[in-house]
Amino acid sequence: METSAVGASTGMSNVMARISGIQSQLAMLSRPTVAATVVSASPAAPSAAAGTASFAGRSSSGAQFAAALQSAVSAAAPTGGVAGPGATGSAATAPVTTGPVAPGPVAPAPAATAPGATTAADAWTRPVDGRVTSKFGMRTHPVTGVYKLHTGTDFSAPMGSSIGAASSGVVKSAGWQGGYGNTVVIDHGDGITTMYAHASELLVKPGQRVEPGDTVAKAGSTGLSTGPHLHFEVREDNKPVDPQPWLRKHGVTV
Ligand SMILES: [Zn+2]
């Protein structure tokens, strides 16, 4: 049966409506087995659940159990994973929707796994093993000969070597971007994006969730490039910043 998926898309008012409905049903029930099973699906509120379990053991009335369930659900609500508008109370929904057939504890979905989540990532890693061959800053472009800002850091990377996501996030785009060639852009939330350019092969699709180090592309020399390498950018609100101090600030030696 659906558990967290249903919970994540159900509002609190809906939850309370369900609770009300279940209370009505429970008022007609006094079977301890039903009560015990429902309670087992409320791991987020151990103290309240324990109290309810003893109710069940004494074959208390359905009305008493319903009141206890109400408090158990109320206690569980604040601990639910909050993934955004409309997701509040997912933990509270789970025990109600699963009811007596719940197979076991239902863990609230962590916000980090919600589709499109844009919470700033905190774990960062080097996108490739290679050394830095060209730094962020003003330079004469090796192909065009134009003196202008080099908006990223170039890393040496043999043709076909793996390029990893520098941190967790959601793929914003994966495709051809003019002089950048085949390029992946990852959205890490809070206005932070990273870009991986000149790839020979793209291995992710827009909307895909990635974790630090996940391979997103293979290194290449597409676009304006003199040889296989990774052009890596970090942007804050789409403005390129120097990736090296950024990575150092986030615990990466580079
Ligand atoms: Zn570059």
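The secondary structure of the chain comprises seven helices and 13 strands, where helices (H or I, at least four residues) and strands (E, at least two) are DSSP runs numbered from the N terminus. The model is a predicted one, in which local features need pLDDT of at least 70 and side-chain atom pairs count only at pLDDT 80 or more, while totals for chains, interfaces and linings use all residues. Residues are numbered from 1 along each chain as its sequence is written.

Of the chain's 254 residues, 37% count as buried, a residue being buried if 20 or more other C-beta atoms, placed from the backbone, lie within 10 Å of its own. Contacts are defined by C-beta atoms, placed from the backbone, that lie within 7 Å. Among contacts between residues at least 6 apart in sequence, 63% join residues at least 24 apart.

Strand pairing requires that DSSP find at least two bridges between two strands. S5 is joined to S11 (residues 215–218) by three bridges, and the two run antiparallel; here Gly164 stands opposite Thr215 of S11.

With S1 (residues 132–134), S4 pairs in the antiparallel sense over two bridges, and Phe155 in S4 is the bridge partner of Val132. Four bridges join S4 to S12 (residues 229–236), again with the strands running antiparallel. In this pairing, Ser156 stands opposite His229 in S12.

Terms used:
A residue is buried if 20 or more other C-beta atoms lie within 10 Å of its own, exposed if 12 or fewer, and partly exposed in between; C-beta atoms are placed from the backbone. Two residues are in contact if their C-beta atoms, placed from the backbone, lie within 7 Å.
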